[in-house]
Amino acid sequence: MIDMNSKTPIYHEKQVKELCALHALNNLFQMRNTFSKSELDTICSRLSPNVWINPHRSMLGLGNYDINVIMAALQKKGCEAVWFDKRKDPGCLDLSNICGFILNVPSDYKLGFVMLPLRRRHWITIRQIQGNFYNLDSKLDSPTLIGRSSDLISYLKEQLECKEKELFVVVSKEVEEKQLWMHQYALQNHRLQDYGHTNTVHQNHCDITPDSISSNDCRSRDGESVKLNEVTNYVASKENNVIDLS
């Protein structure tokens, strides 16, 4: 953990085995043991009961949990993970209604100090703490400062230029249902095209409380995303561009 200006220290779990999903969740909620390995294993068993090899984790029992486990864990805390369509501009994100982000990135695999010719997936939490956004990657020695909201938007744009990276927006259930994680201008444009009406009611009951962010920090840009439960069908349709989010 690090202490910024003698304020509340930032909680930062370091990488152990293949438990990056567990670290990402605990770093997101800024609390040790928000979730445990046994809890995530229980979720895996619930998602795929009565199977010899569970498809949602490593067959060796070391972790390597997939997005389904992360989503189910977040739902236990009143939150939802929404997949962001990276073809769109992150400037459409209404950061004041967002609890945090989970980024899925490719990662090299090591056995001790030996680098193996394997490519795995790695989960990283990004969230606002004390007015600034931080990269809480469990592979880092300490949290990395990203900056204010405009810095975050630039950072997300840069990250999403890589076709192998995927972004999930963490919000409360109420915010997800009303799509309030997008700026209303983007939401209105989207709904006018698809449904012909708008909805502007705001509620936020997620266990994570986002710090206050000025909505003026993000200017008008077209944006569109799909809910996490639509990702499976979307990815399956991309044939040669399928990404295993595990």
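Reader: What makes the residues that L74 touches count as contacts?

Author: Contact means heavy atoms within 4.5 Å. Leaving out residues up to four places away in sequence, L74 touches L25, L28, F29, C79, A81 and V170. By the way, this is a predicted model, where local features need pLDDT of at least 70, side-chain atom pairs count only at pLDDT 80 or more, and totals for chains, interfaces and linings use all residues. Residues are numbered from 1 along each chain as its sequence is written, and side-chain values use heavy atoms, with hydrogens and water left out.

Reader: Why is N26 called buried?

Author: Buried means under 20% relative accessible area, exposed over 50%, and partly exposed in between (1.4 Å probe, protein chains only). N26 has a relative accessible area of 1%, so it's buried.

Reader: What makes a set of residues a nonpolar core?

Author: They're buried Ala, Val, Leu, Ile, Met, Phe, Trp, Tyr and Cys residues, joined through side-chain atoms within 4.5 Å. The largest one here has 27 residues, and L40, I70, L74 and W123 have the most contacts inside it. Helix α1 gives the most to this core, with seven residues. A second, separate core has 25 residues, including V82, V105, I126 and L160.

Reader: How do you know that α1 is a helix?

Author: Helices are DSSP runs (H or I, at least four residues), numbered from the N terminus. α1 covers residues 20–29, and N26 is found in it.

Methods: Helix = DSSP H or I, 4+ residues; strand = E, 2+ residues; numbered from the N terminus.
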